[in-house]
Amino acid sequence: MAKPQVEIYDTTLRDGSQGEGINFSVADKLRIAEKLDAFGVHYIEGGWPGSNPKDIEFFAHAKKKKFKNARLAAFGSTRKKGVPVEADDQVGLLLDAATPVVTIYGKTSLLHVTEVLRCTPEENLAMIADTVRYLKDNGRFVIYDAEHAFDGYKLNAEYALATWQAAEKAGADFVVLCDTNGGCLPSEIAAITKTAFGKLNCKVGIHTHDDSGVAVANALAALDAGAVQVQGTVNGYGERTGNCNLISVIPLVHFKMGKPCVPAKSLPKLRELSLFVDEVANIRHNPRLPWVGTAAFSHKGGTHVNAVQKLAASYEHINPEAVGNQRNILVSDLAGRSNIVMKAQSLGFKLDNDTPELRQILDAVKQREHAGYEYEAAEGSLSLLIRAALRGDESPRFHIETYHVSMRRDQKESICEATVRVRVGDKLHHEVAEGDGPVNALDQALRKALSKPFPQLKSVLLTDYKVRILDRKATDEGAGEGGTAAKTRVLITSSDGKREWGTVGLSENIIEASLQALVDAIEFALWKR
Ligand SMILES: [Zn+2]
């Protein structure tokens with residue numbers, strides 16, 4: 001008998017965004033959703049429309065997008081006590097989100113029902129059933145997240161089961177057992193999931209938190225006991241110590257449990273997905289992440305490279321390239337090559353392993369990444385770099401001859417002003433603009449100067465701007481040198497209303513780094529339209 005498929009339910013954009021230091025803009029969320037869809041997860045939970053206007057805005061945009069693999073889910077809770085479900089605003093917003101899937105959470109634990117909700121056990125059961133039924137009647141695929149499922153079960157098994165059965169009988173497609181406090185052991189998770197699996201006619205899923213460091217192990221224990229859906233986040237983002245890390249779960253399910261989950265061709269893109277989401281979240285990638293961290297396959301080798309390479313393989317649980325990683329003895333030329341080829345193809349370039357310019361592209365990317373550039377979320381800049389190598393002498397559409405940025409402050413406000421002189425062909429365009437800050441002023445002046453020769457730029461907007469100060473040892477120079485300034489990396493996201501792209505700039509000077517990213521953003525817009 002074929003093993004049942006394991007469905008991956010991503011909640012990076014909802015549960016993950018509760019993590020400390022994580023703050024996604026709507027543009028960030030849309031980019032991550034696109035990336036997750038391309039990777040092949042089954043569900044993308046976009047947010048909780050009832051909790052904030054940003055999530056409502058996200059769903060308004062997401063509605064217009066076509067997802068190839070994933071189904072979008074809106075998250076919310078059961079109806080309030082004493083309120084008919086049709087009259088509950090929060091439930092109404094879930095339908096307004098117009099997603100094919102709605103996930104609601106409800107209470108399993110009698111303690112929470114009486115002490116937190118302060119309602120009768122019967123009213124809680126009615127709240128669960130009413131909400132599930134109402135969403136089903138409105139044509140939604142309904143996932144019921146049973147909050148405190150395991151703690152609740154340990155407290156009062158009979159009542160816990162009654163809540164799950166209330167969801168199932170009302171038509172829920174999934175009952176997902178949540179270890180909300182992250183305090184359970186894998187053996188407990190396995191036993192309780194097995195019981196639920198035996199008593200419920202709908203499918204069972206698992207949602208774990210990493211407070212005890214066993215979120216991934218707990219998810220696997222549940223899968224062994226009959227669950228067929230794992231909820232988690234990319235890189236384990238989430239409240240407190242985080243959620244179950246899907247970047248670990250996916251290869252474990254695929255390679256170690258041998259169960260079908262995401263498409264096999266996505267596994268070599270696992271590291272790329274992990275880096276991309278960190279980059280968009282403006283978080284430094286953790287080198288010790290299992291599977292995808294830079295240290296995951298690092299070996300302190302001896303002097304004879306050949307011998308070390310043989311030895312290294314015997315100290316690895318899997319081939320690093322299977323998850324898009326690489327052995328860190330010598331950077332494998334082959335891995336670098338196929339990585340670039342894969343990326344270039346996904347950006348629409350016709351290029352393969354035999355393309356003569358590949359060497360040049362690879363060297364340029366390596367050299368620039370070593371200097372501190374980062375291309376995982378800057379596909380605009382990467383495309384320009386590949387284009388330059390493939391087409392040789394293609395000259396930029398415009399050239400900045402000079403620019404000047406100044407700031408003054410009086411009693412009331414501070415004003416930034418930028419002047420640019422841009423050459424397009426043999427014409428010079430000279431403009432001045434004010435802005436909220438130096439980069440904004442520069443952006444305004446540049447757009448003003450270029451909007452005459454290139455009116456199509458009017459629809460191009462800067463949607464996000466991120467700055468990262470790199471430590472000196474992260475870049476090629478300055479290690480141990482007291483006098484060298486730290487470098488600044490700027491990542492800009494732009495949009496023309498149809499698509500979004502990222503560009504990157506790097507310099508010791510933040511204005512200079514920003515200008516590089518701005519120029520790339522405009523150059524890419526002019527080329528791709
Ligand atoms: Zn959670």
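Donors are N, O and S atoms within 2.8 Å of the metal. Keep that cut-off in mind for the opening stop. The model on screen is predicted.

**Stop 1: the zinc ion**

Select the zinc ion. Which protein residues are its donors? They are D15, H207 and H209. D15 contributes OD, while H207 and H209 each contribute NE2. These donors lie 2.0 to 2.2 Å from the zinc ion. Now look along the chain. The donors follow the spacing D-x191-H-x1-H. Show the surface next. Are H207 and H209 buried or exposed? Both H207 and H209 are buried.

**Stop 2: helices α4 and α5**

Two packed helices are described by the angle between their axes and the distance between the axes. Select residues 110-117 for helix α4 and residues 121-137 for helix α5. Their axes come within 10 Å and cross at roughly 100°. An angle from 65 to 115 degrees counts as roughly perpendicular, so α4 is roughly perpendicular to α5. On α4, the contact is made by L110, V113 and L117. On α5, pick P121, N124 and M127. By class, this contact has five nonpolar residues, one polar and no charged ones.

**Stop 3: helices α14 and α15**

Move on to α14, residues 358-371, and α15, residues 379-391. The axes of α14 and α15 come within 9 Å and cross at roughly 140°. How are the two helices set to each other: they are oblique. The crossing of α14 and α15 is right-handed. Select Q360, I361, A364, V365 and R368 on α14 to see one side of the contact. The α15 side is made by L382, L385, I386, A389 and L390. The residues of this contact divide into eight nonpolar, one polar and one charged.

**Stop 4: A98**

Most residues other than glycine have a negative phi. Select A98. Its phi is near 55°, a positive value in a residue other than glycine. Where does A98 lie? A98 lies in the loop between α3 (89-96) and β4 (101-107). A98 is partly exposed, with a relative accessible area of 39%.

**Stop 5: N235**

Finish at N235. N235 is not a glycine, yet has a positive phi of about 60°. Find N235 in the loop between β8 (229-232) and α10 (246-256). Is N235 buried or exposed? Buried means under 20% relative accessible area. N235 has a relative accessible area of 13%, so N235 is buried.

Terms used. Residues numbered from 1 in each chain as written. Predicted model: local features only at pLDDT ≥ 70, side-chain atom pairs only at ≥ 80, totals over all residues. Heavy atoms only, no water. Donors = N, O, S within 2.8 Å, 3.2 Å for Na, K, Ca; no water. Buried < 20%, exposed > 50% of the residue type's maximum accessible area, 1.4 Å probe, protein only. Axes fitted to C-alpha atoms, helices over the stretch in contact; angles between N-to-C directions. Helix = DSSP H or I, 4+ residues; strand = E, 2+ residues; numbered from the N terminus. Parallel < 35°, antiparallel > 145°, perpendicular 65-115°, else oblique. Left-handed = near helix turned anticlockwise from the far one by under 90°. Contact = heavy atoms within 4.5 Å. Nonpolar A, V, L, I, M, F, W, Y, C, P; charged D, E, K, R; others polar.
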